[in-house]
Amino acid sequence: MDGQQKSGEVLYAEWEELDTTAPTVTGRNPSSGAENVSVSSNIVITFSENIDPSSVTGSSVYLRRGSSSVSVSQTTSGNRVTLNPTSNMVSETTYTVSVQTGVRDTSGNTIASNATWTFETEDIT
């Protein structure tokens, strides 16, 4: 094609909207301030859009007990990130979940601000 429109030809273009919207945390399980959470629970974080799995790392999404990092395996599927502690959490203990601005959606938009919340585990004694 020489770039010239010929008589009888119809030109059309398809447009894709560029996603410039930052993802947000829309769901937290356990929820912020939850008590009596099972020591064997996973943590599930839901976002407003699908998340790029390569952006979910130990420094962008993590679980802490006090100032100590908790060892977890991370799984990203669509708009959900699951943290599965590699061993049961400690009874009657406050844990902190943190999602940092390095997390991005599949269009490359990062979350606008960090999201942090706490929950407390059950008494199993």
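Mentor: Start with Glu92, in the loop between β6 and β7. This is a predicted model.

Trainee: What is listed about phi of Glu92?

Mentor: Phi is near 50° there, a positive value in a residue other than glycine.

Trainee: Which value does phi of Asn36 take?

Mentor: Phi of Asn36 is near 60°, again positive in a residue other than glycine. Asn36 sits in the loop between β1 and β2.

Trainee: What makes the peptide bond from Asn29 to Pro30 cis or trans?

Mentor: Look at omega: it is near 5°, and the bond is cis. Pro30 belongs to the loop between β1 (25-29) and β2.

Trainee: Why is the pairing of Arg104 and Asp52 called a salt bridge?

Mentor: Set the distance against the cut-off. The side chains meet at 3.2 Å, N to O. The limit is 4 Å, from a side-chain nitrogen of Lys or Arg to a carboxyl oxygen of Asp or Glu. So the pair of Arg104 and Asp52 qualifies. A search of the whole structure finds one salt bridge.

Trainee: What does the pair tie together?

Mentor: Parts that are 52 residues apart in sequence, because Arg104 lies in the loop between β7 (94-99) and β8 (115-120), and Asp52 in the loop between β2 (43-47) and β3 (61-65).

Trainee: Why is Arg104 called partly exposed?

Mentor: Its relative accessible area is 27%. Buried needs under 20%, exposed over 50%. The value falls in between, so Arg104 is partly exposed.

Trainee: How do you know whether Glu49 is buried or exposed?

Mentor: Glu49 is in the loop between β2 and β3. Its relative accessible area is 17%. That is under 20%, so Glu49 is buried. Its contacts beyond four places in sequence include Asp19, Pro23 and Asp105.

Trainee: And Ser98, buried or exposed?

Mentor: Ser98 lies in strand β7. At 6% relative accessible area, under the 20% limit, Ser98 is buried. Among its contacts beyond four places in sequence are Tyr62 and Thr116.

Trainee: Which residues of the largest nonpolar core touch the most other members?

Mentor: Ile45, Phe47, Val99 and Phe119, out of 21 residues in that core. The elements giving two or more residues to this core are β2, β3, β6 (80-85), β7 and β8. Leaving aside neighbours within four places in sequence, Ile45 is in contact with residues including Val25, Leu83, Val99 and Trp117.

Note on methods
Residues are numbered from 1 along each chain as its sequence is written. This is a predicted model: local features need pLDDT of at least 70, side-chain atom pairs count only at pLDDT 80 or more; totals for chains, interfaces and linings use all residues. Side-chain values use heavy atoms; hydrogens and water are left out. Helices (H or I, at least four residues) and strands (E, at least two) are DSSP runs, numbered from the N terminus. Buried means under 20% relative accessible area, exposed over 50%, partly exposed in between (1.4 Å probe, protein chains only). Contact means heavy atoms within 4.5 Å. A nonpolar core is a set of buried Ala, Val, Leu, Ile, Met, Phe, Trp, Tyr and Cys residues joined through side-chain atoms within 4.5 Å.
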